[in-house]
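Please look through the structure below before reading on.

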Amino acid sequence: MAILGIDIGGSGVKGAPVDTARGELIAERFRVPTPQPSDVTSVVEAVAEVAAQFEGYDRVGVTFPGVVVDGVTRTAANVDKSWIDAPAARLFADRLGKPVSVLNDADAAGVAEVAFGAGRDQTGLIMMLTFGTGIGSALFLNGTLIPNTEFGHLELDGHDAELRASDRARETEDLSWEKWAHRVRDYLRHVEMLLSPRLFIIGGGVSKKADRWLPLIDIRTPMVPATLLNNAGIIGAAVTAETDATAPSPEGVAPHEAGAKVTE
């Protein structure tokens with residue numbers, strides 16, 4: 001089965017067909033700028049423009065920067081508010097003429113990392129955190145995604161955590177790596193206290209500079225940088241679409257939301 005993965009970001013919409021057995025792109029990815037304003041109609045057309053560059057796919061997985069429940073986008077981080085309560089999966093499927101699975105962007109990146117990257121062959125409770133414009137989170141128990149966690153919005157020093165510890169906060173406040181790492185440490189210790197995960201996978205663009213700040217963080221839980229970088233969302237979206245195609249569908253709930261394993 002050929003699966004197309006498409007990743008909707010704040011600045012770009014990019015996609016490629018994916019070999020879901022190997023976790024690799026099988027064609028060069030194609031990217032268009034995210035429309036401004038990023039309203040429903042404009043983004044659907046941008047996704048269609050990306051999909052039109054490829055042929056021979058049977059299903060599509062699409063990431064979205066917000067909470068997605070039963071194919072409906074419930075929040076709209078970094079995109080137009082017209083996406084709140086939009087029937088995204090149906091809109092994309094109608095436009096593309098193919099079955100479409102939609103999931104949160106951090107969840108998709110986590111799916112890829114747990115299946116093929118830094119979290120491969122790890123058991124127990126694994127947590128991926130993406131540090132970028134905000135803080136995205138993805139939680140897995142023995143390879144099963146627990147979707148739509150929003151741990152970037154925990155309280156930290158009286159503020160929404162991502163306002164203090166995201167990479168955007170580091171850049172906006174011109175923080176040194178040391179000062180920012182102290183904030184990230186406090187945030188991770190709070191998450192550690194709540195969940196006791198076995199492993200933190202650290203993603204987002206700042207993970208490419210992990211050597212400059214991860215060694216500054218002293219916590220009990222092991223931490224590793226993500227390995228799939230900018231392709232993680234595309235790969236995770238495609239893997240999720242495959243999961244939804246092959247697993248039983250209970251009462252109309254997408255299998256990846258209903259406890260189907262996204263990794264083997």
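Predicted model: local features only at pLDDT ≥ 70, side-chain atom pairs only at ≥ 80, totals over all residues.

Leaving aside its neighbours within four places in sequence, which residues is Val13 in contact with?

Residues are numbered from 1 along each chain as its sequence is written, and side-chain values use heavy atoms, with hydrogens and water left out.

Once its neighbours within four places in sequence are set aside, Val13 is in contact with Ile6, Asp7, Ile8, Phe30, Arg31, Val32, Thr34, Ala46, Val47 and Val50, where contact means heavy atoms within 4.5 Å. Val13 has its place in strand β2; helices (H or I, at least four residues) and strands (E, at least two) are DSSP runs, numbered from the N terminus. With a relative accessibility of 0%, Val13 counts as buried, a word that means under 20% relative accessible area, whereas exposed means over 50% and partly exposed lies in between (1.4 Å probe, protein chains only). One of the residues in contact with Val13 is Thr34, and these two are 21 residues apart in sequence but 5.6 Å apart in space, C-alpha to C-alpha.

Helix α1 covers residues 40-51, and its 12 residues reach 17 Å from the first C-alpha to the last, which is close to the 16 Å expected at 1.5 Å a residue. The expected span of a helix is 1.5 Å times one less than its number of residues. In α1 the buried residues are Val40, Val43, Val44, Ala46, Val47, Ala48, Val50 and Ala51, and they pack against β1 (3-8), β2 (12-19), β4 (30-33) and α2 (88-96).

At the N-terminal end, α1 is capped by Asp39, which has a side-chain oxygen 3.3 Å from the backbone nitrogen of Thr41. Pro37 is placed in the loop between β4 and α1, and the peptide bond that leads from Gln36 to Pro37 is cis, with omega near 0°.

How far apart are the end C-alpha atoms of α7? They are 21 Å apart, which agrees with the 21 Å that its 15 residues should span at 1.5 Å a residue. The buried residues of α7 include Ile234, Ala238, Ala241, Thr243 and Asp244, and what covers the buried residues includes β1, β2, β3, β5 (59-64), β8 (100-104) and α3.

Two packed helices are described by the angle between their axes and the distance between the axes. The axes of α3 (residues 105-116) and α7 (residues 232-246) come within 7 Å and cross at roughly 85°, and that makes α3 roughly perpendicular to α7. Axes are lines fitted to C-alpha atoms, for helices over the stretch in contact, and angles run from 0 to 180 degrees between N-to-C directions; under 35 degrees counts as roughly parallel, over 145 as roughly antiparallel, 65 to 115 as roughly perpendicular and the rest as oblique. On the α3 side, Ala108, Ala109, Val111, Ala112 and Phe116 meet Ala232, Gly233, Ile235, Gly236, Ala237, Val239 and Thr240 in α7.

Thr20 lies in the loop between β2 and β3 (24-25) and is buried, with a relative accessible area of 13%. Its side chain makes a polar contact of 3.0 Å with the side chain of Glu242; a polar contact is a pair of N or O atoms within 3.5 Å, and within protein one must be able to donate a hydrogen and the other to accept it, while residues adjacent in sequence count only if both atoms are side-chain atoms. Not counting residues up to four places away in sequence, Thr20 touches Ile3, Phe116, Ala238, Val239 and Glu242.

Thr130, which lies in strand β9 (residues 125-131), is buried with a relative accessible area of 18%. Apart from its neighbours within four places in sequence, Thr130 is in contact with Ala106, Ile135, Gly136, Gly203 and Gly204.

## Two residues with positive phi

Most residues other than glycine have a negative phi. Asp121, in the loop between α3 and β9, has a positive phi near 65°, and it counts as exposed at 72% relative accessibility. Asn148 also has a positive phi, of about 65°, but it counts as buried at 16% relative accessibility.
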